[in-house]
Amino acid sequence: MASEMAPAPMEGHGSYNKSSRIQASSAVSAVAMLEEAAKHVVLPSAPTPIVIADYGSSQGANSIRELSDAIALLRSRAALRQGIQVFHTDLPTSDYTSLFVSLATDSKSYVQPGSDIYAAAVGRSFYEQILPSRSVTLGWSSWAVQWLSRAPMAIPDQVQVAYSHDALARAAFAEQADADWRTFLRHRSNELHAGGRLVVVTMGLTAEGEFGYRPLLEALYESLRDLADSGFMDSAELHGMVIPTVGRSLASIEAPFAGGMFNGLVIEQANAFLGDDPLWAEYERDGDAGKFAHGWAAFTRASVLPTLGQGLSGGVADARYADFLDRAEAGMAARLSAKPEKMVVPLVAVVLRQMEQGER
Ligand SMILES: C[S@@+](CC[C@H](N)C(=O)[O-])C[C@H]1O[C@@H](n2cnc3c(N)ncnc32)[C@H](O)[C@@H]1O
């Protein structure tokens, strides 16, 4: 497997911002949990600023909207002239230009003259500590920690391990997922101050343990196989392509907390739920199979095709890279429009709190 099989950021030039309304609409109930956390979180004493961290922000359009009411709640609770500092964080190669353009131009942007609310970005993996110890008041992470730090191995019969029949691959990904979740929690726990809270919403599993998105992933894998069969890429390239994401069960989210707390963090609330398929709702209204299919293919292109494209022999610099994105997206759209099916979107959300002194 190519050593590049760590996640790539979302497709750049604002493409993720344009193709991420599925993530936004299905995170709505977790946004309500974030707002509840903003009401109750312990604030630092003025003049120490209130720090909000957004882990895996991508290009910002969803984060800006999701954070706006929580920020307004914190503003109303903060002391006069107590600044609020928001850090949007993502991988070093994420498209930060689009993030800053969204912050400057989005009508919902919290960066307004005189508001004493400031935005900055950190380009570093959330599998490391990326903000000073005991500095963060409120953390938010939406649709991001399904991405592992790396793919532990190639998957012989799929690009998504959830649909692989290979027991070795399934076990290796489960082990990596557990290790990465603990690493993520340890670093967030160091960053949160006492009484600080963190809300995480990520890809989950159904009550039956299903990852969901079956029609989408079948269409994707068949389209990639077509690209190999037609000679566009070779089979070694196909077999090196992996999406290093996992759906997390409620039990796996809670596992590090078996003793009641993990590194000073406790679970306040945890829910598994099914997100919406807004494209299916539109399809039921207008019967436009092409629109439905293009919407899901664009979601896939913006989020996972850049990672899969790294599997081409020349990686992202490969002369076929742009064509790869176009062809894989078109292949998926053709398949999905021939047989539209509602997507199952399992999610899991958890609210964590850093214990206060004297509580342990
Ligand atoms: C699907 S996007 C979610 C963006 C946004 N939070 C939303 O809800 O629409 C996932 C983001 O997580 C980022 N990501 C993946 N692995 C990461 C890591 N190890 N450290 C920081 N960000 C990571 C990706 O680059 C991507 O921008």
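Here are legends for a few views of this predicted model.

**View 1. The whole protein chain.** The chain holds 13 helices and seven strands, taken as DSSP runs (H or I of at least four residues for helices, E of at least two for strands) and numbered from the N terminus. Its C-alpha trace spans about 65 × 45 × 40 Å along the principal axes. Buried residues (under 20% relative accessible area; exposed is over 50%, partly exposed in between, with a 1.4 Å probe and protein chains only) make up 58% of the 360 residues.

View 2. The structure has 13 aromatic pairs, meaning Phe, Tyr or Trp rings (the six-membered one for Trp) with centres within 6.5 Å; planes under 30 degrees apart are stacked, over 60 edge-to-face, the rest tilted. Trp181 and Phe184 have ring centres 5.9 Å apart and planes at 10°, so this pair is stacked. Both sit in helix α6 (residues 167-191), three residues apart, or about one turn. Trp181 is buried at 1% relative accessible area, and Phe184 is buried at 0%.

**View 3. A ring pair in helix α10.** Trp280 and Tyr283 have centres 5.1 Å apart and planes at 45°, so they count as tilted. They too are three residues apart, in helix α10 (residues 278-286). Trp280 is buried at 16%, while Tyr283 is partly exposed at 22%.

**View 4. An aromatic cluster.** Trp143, Tyr163, Phe211, Tyr213, Trp296 and Phe299 make up one cluster.

**Notes.** Numbering starts from 1 along each chain as its sequence is written, and side-chain values use heavy atoms, without hydrogens or water. Local features need pLDDT of at least 70 and side-chain atom pairs 80 or more, while totals for chains, interfaces and linings use all residues.
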